[in-house]
Amino acid sequence: AAEMPDELHGSLTFSEGQEIQQIEPPLVIDPSWNVDAFYIVCLTYVSSDDFEVKIGRNSQVSIYNLNTDRFPAGVEEGAGLDAYIRGFLWHNFTELPRRTMIGFTLSICTGILYWFEAQVS
C-alpha cells in the first residue's frame, strides 16, 4: 500500500499585493481498502525583514479523504454470492495475507486440540 510521509514541506510565494494562495496537497492512492484517510495541513510563519506575515487563526486545515470504492474490489453491484466470496478471499489473501494466515491458524488450532483431546480420552 502507498504510504503517506510523516511530513511534507513546501513554500508559497506571493506576488506584491497578492493576498490569497491555493495549494493542492498530494493525495495518496492506497490500493488496499480503507474507510477513510485523515490529513492535516499546517501553515507556519517564516520571518522576513521585507514584509509582515499574518497567518491568522486558520493556519491548520483538516482534510478527510473518504474511500468510495466498492468492497470487495472488482465485484460489481448485484453480483452473486460466489463473486462476493471470491472478492473477499482475494482481498484477504493478497492484501492481508499475514493477518489472514494467523487468524486461520488460530481458528484451526482449537479444532486440532479438541481432536487430540478426544483421541487421548
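**Notes on a surface patch and a pocket**

1. At 65% relative accessibility, L81 counts as exposed, because exposed means over 50%, buried under 20% and partly exposed in between (1.4 Å probe, protein chains only).

2. Before going on: this is a predicted model, where local features need pLDDT of at least 70 and side-chain atom pairs 80 or more, while totals for chains, interfaces and linings use all residues. Residues are numbered from 1 along each chain as its sequence is written, and side-chain values use heavy atoms, without hydrogens and water.

3. L81 is one of the residues in a nonpolar surface patch, along with I85, L89, F93, M101, F104, I108, I112, W115 and F116. Together they have about 1,000 Å² of accessible area (Shrake-Rupley, 1.4 Å probe). Patch members have over 30% relative accessible area and no salt bridge, with nonpolar side chains joined within 5 Å. The elements giving two or more residues are α1 (81-94) and α2 (97-120), and α2 gives the most, with 6.

4. Then there's the largest pocket, at about 1,600 Å³. Its lining has 44 residues, with G10, L12, C42, L43 and T44 nearest the centre. By type, the lining divides into 23 nonpolar, 14 polar and 7 charged residues. Strands β1 (36-42) and β2 (60-66) each supply at least two lining residues.

5. F38 lies in β1 and is partly exposed, with a relative accessible area of 44%. Its C-alpha is 4.8 Å from that of Y64, 26 residues apart along the chain.

Terms used:
Patches are made of residues with over 30% relative accessible area and no salt bridge: like charges are joined within 9 Å, nonpolar side chains (Val, Leu, Ile, Met, Phe, Trp, Tyr) within 5 Å. A salt bridge is a side-chain nitrogen of Lys or Arg within 4 Å of a carboxyl oxygen of Asp or Glu. Helices (H or I, at least four residues) and strands (E, at least two) are DSSP runs, numbered from the N terminus. On a 1 Å grid over the protein atoms alone, a cavity is a set of points where a 1.4 Å probe fits but cannot get out, and a pocket is an open set with protein on both sides within 12 Å along at least five of seven lines; lining residues have an atom within 4 Å of a point. Grid points are joined across faces, edges and corners, and a volume is the space filled by probe spheres set on the points. Ala, Val, Leu, Ile, Met, Phe, Trp, Tyr, Cys and Pro count as nonpolar, Asp, Glu, Lys and Arg as charged, and the others, Gly among them, as polar.
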